[in-house]
Amino acid sequence: MNHLLEELFNVSSRTTHYFCELIGLPSESSYNDTLALLNHRLKEPGKGIILTDTIPKPSDRALIDSILQELTTMRIGYFVHEDINLTSSDALNIKLRKALDEVIAIAIATEKFSNETIRNNFIAKLMIWCNLYLEGLDFNEVTPPKCLFYGPIKRHEVYFLMILDALGMDVVYFNPTHDPTLRSIDTKGLCQVITLGEASSTFVPYEERIANGVVVEKVTTYARKATNHLEQTLYQDTGIYKPWQFSNGTTRPIILDSVIEDTLTYWNEPAKLRPGFKVEGQMVYTPAFFTKISGVYHDVNEYYELVEKLKQAKNCAFYETPHLTRMGNGFGQTRTIQYHNMPTQGAGENLAQFNQQDLYSLAFCLNPDQTIKRDAIKTHILYKRMLSLRGDLQEFILSKLEETFASNNLSFFNFNVTDKERVRLMAALFTADEKLINLIDSYDFTADVPKLVMYVNSREPFNQDDAMLLGLLRTIGIDVILLSPNGANNIELVISEKFINPIKLDEFVYDLPLKSPQKKGSFFSKLFR
């Protein structure tokens, strides 16, 4: 997006103008900053037009009636031959007549107006908009004037943007919610579609985005441009990915339905070499394990070797318990809950206390549609530790929390998820062990997949907090393997079996303490023992 912005205002390398639709958003902060910068530059006289949410309907009845009267004497589609002057510039009026002919022809074919009156009202609206917004724009600069349109768009407004494009203006349509209106009209592909990221679940007003954005003027050096060009040449559509190429992207996990043999085959393979991996725009489809291995081998030492292979993987967190969280089963628990926030603690003392009020107050960080209020959460006391993470990682984590909360993901759990459970999941994540946070922090989506291995030797069940945290890790795309020597129902009580890949080994064993595999003796050691 930064490259596009720089090209929009570059006075030396321009050979054409832009008409593009930016779908979704990479991150809230960068999106707001981009809009703030464009807003700042287009406020200069003659530089461009800013349209947000909707273009006001013409209200001058006398002007409307005058245009409608004139249209009855004109040949629609042949305005190039008519004496139509909508601006004070003769050169622009000539270009505008041609643009009107081109776009009105598309509209007539697409909209199939039921009568002449409706058609003429549509044309009159476009003409009045041209008269209102084009006057005063400077078409004599090296770079053309620009139009920024933000938010949901109506059909008639799409045709107005097409007219601006036909005039040679740069037109950038910011579409954070994936509104399909423009694409449904633009069947000829006049507008370039650029997907920045996932759709925004809530529509944020333009003024709010501008207020939250920071205007940062940048210029890219020639060396940086050459590097960017080289990287595009090397990495685009080659199956080769540079480190952290998708740091502003997101993941969509594909759960691997595997047996024990190919679990071990792909366990240490990077995501890009696993079956089902693909990339679409900034979306990385990451094949991941969410597996329960029940039972052990007849040779228990062989089972210990299996556990050791799983544990020794790169970037693996290992637990000998079904509990990942410090929180109790009851929502109104009275025991101390610990988290990392106290500035007076030493390096090894990253534990502190928070109370029920801290927990309950997280509810005020949720919107009615269960999305997270970014400004509110980042000032909450329980979020303090997360502030030290990279900005793009924070946005990724918050978006994955929202994805876990979403109604289409709730079938993952065998219990009702209300706002009580949502705030508990937020608290569980924000107070999680450092090694769990490090798993997420180290996840380069195309490279090695972080792993969580849990060894549960008892019949102790998982609680709802642990289930939700596992659901979040699964949504992120992290490998999760539960080792259950006795094969007891535990995770199945809180997570739907439809989402668990089951693997059963030779036999079930109860109370099997975890040991290191015994080393096999040499031939001579067997002779002389």
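## How confident is the model?

What is the mean pLDDT of the protein, and what share of its residues reach 70 or more? The mean pLDDT is 84, and 85% of the residues reach 70 or more. Keep in mind as you look around that this is a predicted model.

Two stretches call for care. Over residues 328–353, pLDDT stays under 50. The model has 52 contacts beyond four places in sequence for that stretch. Where pLDDT is low, the predicted coordinates should not be read in detail.

Let us turn to strand E4, which covers residues 170–175. Are its residues mostly buried or exposed? Six of its six residues are buried, so the strand is mostly covered. Asp170, Val172 and Phe174 point one way from E4, while Val171, Tyr173 and Asn175 point the other way. Residues on both sides are buried.

Which strands pair with E4? One of them is E1, residues 19–23, which pairs with E4 in the parallel sense over five bridges. You can find this pairing in the structure by looking for Leu22, which stands opposite Phe174 in E4. Another is E3, residues 146–150, which runs parallel to E4 and is joined to it by five bridges. Two places to look are Cys147, whose bridge partner in E4 is Val171, and Phe149, whose bridge partner in E4 is Tyr173.

Together with helix H6, residues 155–166, they make a right-handed β-α-β unit.

## Strand E3, covered on both faces

Why is E3 described as largely enclosed by the rest of the structure? The reason is that five of its five residues are buried. On one side sit Lys146, Leu148 and Tyr150, on the other Cys147 and Phe149, and all of these are buried.

E3 pairs with strand E2 too. E2 spans residues 48–52, and five bridges join it to E3, with the two strands running parallel. Within this pairing, Gly48 has Lys146 in E3 as its bridge partner.

## Helix H3 and its two faces

Helix H3 runs over residues 61–71, and its buried residues include Ile64, Ile67, Leu68 and Leu71. Seen down the axis of H3, the buried residues fall within an arc of 100°, so they line one face of the helix. What covers them includes helix H5, residues 116–134.

Now look at the face of H3 turned away from its buried side. There you will find the exposed residues Ala62 and Gln69.

## Two cysteines without a bond

A disulfide is a covalent bond between the sulfur atoms of two cysteines. How many disulfides are counted here? The count comes to zero, with a disulfide taken as a pair of cysteine sulfur atoms within 2.5 Å.

Cys191 counts as buried because its relative accessibility is 6%, and the cut-off for buried is under 20%.

Key. Residues are numbered from 1 along each chain as its sequence is written. This is a predicted model: local features need pLDDT of at least 70, side-chain atom pairs count only at pLDDT 80 or more; totals for chains, interfaces and linings use all residues. Side-chain values use heavy atoms; hydrogens and water are left out. Buried means under 20% relative accessible area, exposed over 50%, partly exposed in between (1.4 Å probe, protein chains only). Helices (H or I, at least four residues) and strands (E, at least two) are DSSP runs, numbered from the N terminus. Two strands pair if DSSP finds at least two bridges between them. A crossover is right-handed if, with the strands pointing away from the viewer, the path from the first strand over the helix to the second runs clockwise. pLDDT is the predictor's confidence in each residue, from 0 to 100. Contact means heavy atoms within 4.5 Å. The arc is that of the directions from the helix axis to the C-beta atoms.
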